[in-house]
Amino acid sequence: MAVSSNTASVWKQPAQVWAVAFACVVAFMGIGLVDPILPAIADSLQASPFETELLFTSYLAVTGVAMLVTSWISSRIGAKRTLLIGLALIVVFALFCALSGSVDAVIGFRAGWGLGNALFISTALATIVGAASGGSAAAIVLYEAALGLGIAIGPLLGGILGEQSWRAPFFGVVVLMAIAFLAVLVLLRGPQDKPAPVRFSAPFTALRRPALAILAVTALFYNIGFFILLAFSPFPLGFGAMGIGFTFFGWGVALAVTSVWVAPVLMRRMPRTRVILSVLPLLAVDLVVAGLLVSSAAALVTCIIVGGLLLGIMNTVLTEAVMEATDLPRSVASSAYSAVRFLGGAMAPPLAAALWHAMNATVPYLVAALAVLIAALTVFLGRKALAHIDDEPDDADEDAAAILIGDAA
């Protein structure tokens, strides 16, 4: 979400803020890093597309489950320790991925990577906000920049390193995250405020709220469409690692641009539910076209980029809607919502591979379009329970911060 602030105050930050911001960029890169090397991993490790897609499933499933407990953990051991534990886990498990000799091992180690990512991402924004000069608005701008940069660079770096070996992107993450770990360890100094302890059961009981439950189910089906487009498309594209990397670099840039700049404009001009019910059908159409024209690489690349534009809008609008859905603490609502939506992300890649193997490359995209339409129908049927999310937020800075956490999750 775009936030107005004094430009000078945004970039004049203490070293500890830059340390965490750099670590954020690298962490967000991990989302799309493996995309360009999926075919290479399948070939080198003699794995089926179904097995290879489980690299996303293990990562996303563990990230989603871990999001239910990260606020409980950080509220007890403090932000800096939580950040360092998360970074250390990413370093260790990315190294194990690089050294693995079987696809099963990589799948397992990606799960550990997901745990580290959940611990780090859930704590990073609060740390930046607490340490940044220029107020929370300046901190949010920095976090937005890190999010967009990481999402865009991840596939491109994966493609460049993947041209050398499928192991190279994992080694790259090890080096970058080790540097980030040292930067946070050395530069994040001074007294750290310890937040009030959060009950372990808080995210679970949050899902009893009708509005939050409706949005969580919506996000589950929406994420099926999101991750079929992201995780399955490298296979029918037929490109090498660099070609896939450049394709999803464009996807990441498109997603970042609409998430940061376009979505806020739309939300100022129309209610959130109307934005959702307008964009989801467009995304379904894009997925249908991708399926029908899957044999044309140029057409599929175009659909992927257009999909990125629509996904960026949806990420921001959906997550802001979650923040306004209940009177619960925003960290609790975000944790509950993220856990459910990641179930969709976790099941989508292997589902797409299985449908491709059983039928053809068109079917996964048609299933993705159907899932997106189910998401739209869920919002339409639950619009009475969601009526209050169209009200203006009381605290724009707090909402923007929560939105970014949700997007990064």
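Student: What makes the largest nonpolar core a core, and which residues have the most contacts inside it?
Tutor: In this predicted model, local features need pLDDT of at least 70 and side-chain atom pairs count only at pLDDT 80 or more, while totals for chains, interfaces and linings use all residues. Residues are numbered from 1 along each chain as its sequence is written, and side-chain values use heavy atoms, with hydrogens and water left out. A nonpolar core is a set of buried Ala, Val, Leu, Ile, Met, Phe, Trp, Tyr and Cys residues joined through side-chain atoms within 4.5 Å. The largest such set has 120 residues, and those with the most contacts inside it are Trp 113, Phe 120, Phe 170, Met 177, Tyr 222 and Trp 251. Helix 10 (residues 210–232) supplies the largest share of this core, 16 residues; helices here are DSSP runs of H or I, at least four residues, numbered from the N terminus.

Student: Which residues does Trp 113 touch, leaving aside neighbours within four places in sequence?
Tutor: Contact means heavy atoms within 4.5 Å. By that rule Trp 113 is in contact with Gly 30, Leu 33, Tyr 59, Ile 90, Phe 93, Ala 94, Cys 97, Phe 170 and Val 173.

Student: Why is Leu 83 called buried?
Tutor: Buried means under 20% relative accessible area, exposed over 50%, and partly exposed in between (1.4 Å probe, protein chains only). Leu 83 has 0% relative accessibility, so the residue counts as buried. Leu 83 sits in helix 5 and, not counting residues up to four places away in sequence, touches Val 20, Phe 120, Thr 123, Ala 124, Thr 127, Val 184 and Leu 188.

Student: Why does Thr 63 count as buried?
Tutor: Thr 63 has 3% relative accessibility and therefore counts as buried. Thr 63 belongs to helix 4 (residues 49–77), and its contacts, not counting residues up to four places away in sequence, are Gly 114, Ala 118 and Phe 342.

Student: How do you know that helix 8 has the span expected for its residues?
Tutor: The expected span is 1.5 Å times one less than the number of residues. Helix 8 (residues 168–187) has 20 residues and reaches 28 Å from its first C-alpha to its last, close to the expected 28 Å. Buried residues in helix 8 include Phe 170, Val 173, Met 177 and Val 184.

Student: What makes the nonpolar surface patch a patch?
Tutor: Patch residues have over 30% relative accessible area and no salt bridge; like charges are joined within 9 Å, nonpolar side chains (Val, Leu, Ile, Met, Phe, Trp, Tyr) within 5 Å. Val 92, Leu 95, Phe 96, Leu 99 and Phe 171 make one of about 400 Å². Helix 5 (residues 79–99) gives the most, four residues. Val 92 has 36% relative accessibility and so counts as partly exposed.

Student: Why is the pair of Asp 327 and Arg 209 called a salt bridge?
Tutor: A salt bridge is a side-chain nitrogen of Lys or Arg within 4 Å of a carboxyl oxygen of Asp or Glu. The side chains of Asp 327 and Arg 209 meet at 2.8 Å, N to O. Asp 327 lies in the loop between helix 14 (297–325) and helix 15 (330–358), and Arg 209 in the loop between helix 9 (202–206) and helix 10, so the pair ties together parts 118 residues apart in sequence. Asp 327, at 65% relative accessibility, counts as exposed, while Arg 209, at 33%, counts as partly exposed.

Key
Areas by Shrake-Rupley, 256 points an atom, 1.4 Å probe, with all protein chains shown as cover. Helix = DSSP H or I, 4+ residues; strand = E, 2+ residues; numbered from the N terminus.
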